[in-house]
Amino acid sequence: MAHQFSLPPLPYSYEALEPAISSQIMQIHHQKHHQTYITNLNGALAALEKAQSASDVPQLISLQQKIKFNGGGHINHSLFWQNLAPYGSADTEIEKVAPSLKAAIEAQWGSLGAFREAFAGLLLTLQGSGWGWLVKVKSAGEERLEIVSTKDQDPVSEGTPVFGVDMWEHAYYLQYLNNKASYVEGIWKVINWKTAEDRFKNGVRGDSLLKL
């Protein structure tokens, strides 16, 4: 029988991110959108197992996109919930909880302000639905940080995702309407820099990413 994934609980209450992200958005985003990705992923994996048993190659091929989209949605949202922290908590203060990451950002972009401006620039120029990410990559034997985007629910394919920002409309529209810039400005106040520091230094562990 194909493995069944389940919705991971949030590490904080739905209202904990207010006023940056409303309780209503968090509840719908978590219980409805993320749950739908999981439900569809489980269905696709069950269909895949059946197709494999029947050697149904056309069906095996047709299921790949559904698995990629919904599996990516599960991965991305599992990361997203963990890289947010309650509004006003110590974990949102990069100076206190992320010295190594802060130093790496300043070395590469010159200042935190310049980094945030570059990251916001990418987020606000995304066309359609997608994500913005800070990732740690290895290039020519050296580690560096990069700001990258992924389309729809594609997960990060190269490097370690340090943190990501969901730019699908369901992540902000009920609160910010079409004012994406205010959403991007507000989300800096609930980034979990403690988690980001841990990912920067130690990578992303599978047991903390997906609750099986």
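Predicted model: local features only at pLDDT ≥ 70, side-chain atom pairs only at ≥ 80, totals over all residues.
I'll start with the hairpin. Strand β1 covers residues 130-139 and strand β2 covers residues 142-151; they pair in the antiparallel sense, over 10 bridges. To get your bearings in that pairing, find L134, which has I147 of β2 opposite. Two residues lie between the strands, and in this hairpin A140 has a positive phi, near 55°.

Now the rings. The count of aromatic pairs in this model is 16. One of them is Y37 with F69, an edge-to-face pair at 5.8 Å centre to centre, with 65° between the planes. That pair links distant parts of the chain: Y37 belongs to helix α1, residues 23-53, and F69 to helix α2, residues 57-82, with the two residues 32 apart.

F69 comes out at 28%, so it is partly exposed, being between the 20% and 50% limits.

Next, the aromatic cluster. W109, F115, F119, F163, W188 and W193 belong to one cluster. If you have W188 on screen, look at R116 as well: its charged end sits over the W188 ring, 5.4 Å from the ring centre.

K136 lies over the face of F200, with 5.3 Å to the ring centre.

Technical notes
Residues numbered from 1 in each chain as written. Heavy atoms only, no water. Pairing = 2+ DSSP bridges. Helix = DSSP H or I, 4+ residues; strand = E, 2+ residues; numbered from the N terminus. Phe/Tyr/Trp six-rings, centres within 6.5 Å; stacked < 30°, edge-to-face > 60°. Buried < 20%, exposed > 50% of the residue type's maximum accessible area, 1.4 Å probe, protein only. Lys NZ or Arg CZ within 6 Å of the ring centre and 35° of its normal.
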